[in-house]
Amino acid sequence: MASRLMQAVLYETYGGGSAALKHVEVPIPRPKTDEVLVKVEAVSLNPIDWKIQKGMIRPFLPRKFPHFPGTDVAGEVVEVGAGVKSLKAGDKVVAFLSHATGGGLAEYAVGKEAVTVYRPPEVTAADSAALPVAALTAHQALTQAAGIKLDGSGPQSNILITAASGGVGHYAVQLAKLGNTHVTATCGARNIEFVKSLGADEVIDYKTPEGATLKSPSGKNYDAVVHCASGIPWSVFEPNLSPNGKVIDITPNPAAMVTFAFKKLTFSKKQLVPLLMSFKSENLSYLINLIKEGKLKTVIDSRYPLSKAEDAWAKSMDGHATGKIIVEP
């Protein structure tokens, strides 16, 4: 199969945005012992994809050029490595390809068996390809950092979710409401009814004076904030937190890291928690099952063919997608 060619997308240097993406023909990769080869049916974009391109994580990523971006893929297994035990050709799957290797924006991709999970036929490729980075980040923020029990068995918590109409935010609202939570959410005016439809108890337009202060309309202090936006300083959050409240920052910048360290050093009960998503296959399987059961939904902002991947990239960089952006080879 290595002699056959496939369409793929790459970039060769830092910067350049969507205009720097190149469509190329390259050999279809062969799976190593612990890998599966997937015929890609859908891949979702995440802001981290273009942030890596901009050089925001240099010198760590990308490890080399050219870089083939895209990490969240769904498709069908067409070949398995000699050591693969849990999957076989013909299985429908979802895979998380590391940011170091990428390779999702292509007709075929290889993924480690450990980061590839079975997808039941009731769950579409697009709905599941959207899950790995965004939904796992929301799940980790709520269950691990905020301590929310998604079976509803925990004590009631008041949660704030910023940028609640975006990729991570729209999952965070739905997942939080599976727990015993009161959810306040922020978004733009055009998405207020949408975020309410996801289950948020109260929604604030972030461009209003009330939105600028992040105060709950019902006067509640937040036990946890799942912070999916950017540019909001700690001083805005702190007055709105309960005595042991924490801000879980999914895209921590240097200022956030300074605040995190200061709060730790001063033994503050109010904490800023920087979150880096760690992949766990059992958590992805759990989320896929929630979609199958109708308890979680992926909201798709827009779909693009692989030949228009640069348009999808530009849409993601624009920062105003409602839900997820999907590319379909």
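Q: What is the relative accessible area of phenylalanine 65?
A: Phenylalanine 65 has a relative accessible area of 31%, so this residue is partly exposed (with a 1.4 Å probe and protein chains only, buried is under 20%, exposed over 50%, partly exposed in between). The model is predicted, so local features need pLDDT of at least 70 and side-chain atom pairs 80 or more, while totals for chains, interfaces and linings use all residues. Residues are numbered from 1 along each chain as its sequence is written, and side-chain values use heavy atoms, without hydrogens and water.

Q: How do I read an aromatic pair, and how many are there?
A: A pair of aromatic rings is described by the distance of the centres and the angle of the planes. Rings of Phe, Tyr and Trp (its six-membered ring) pair with centres within 6.5 Å; planes under 30 degrees apart are stacked, over 60 edge-to-face, the rest tilted. The count here is four. One of them joins tyrosine 11 to phenylalanine 65: 6.3 Å centre to centre and 55° between the planes, hence tilted.

Q: Which parts of the chain does this pair tie together?
A: Tyrosine 11 sits in the loop between β1 (5-10) and β2 (22-27), and phenylalanine 65 in the loop between α1 (47-54) and β4, so the pair ties together parts 54 residues apart in sequence. Helices (H or I, at least four residues) and strands (E, at least two) are DSSP runs, numbered from the N terminus. Tyrosine 14 and phenylalanine 65 also pair, edge-to-face, at 5.1 Å centre to centre and 90° between the planes.

Q: Which residues do the ring pairs link into a cluster?
A: The cluster consists of Tyr11, Tyr14, Phe65 and Trp313. Tyrosine 11 is buried at 0% relative accessible area, and tyrosine 14 is partly exposed at 22%.
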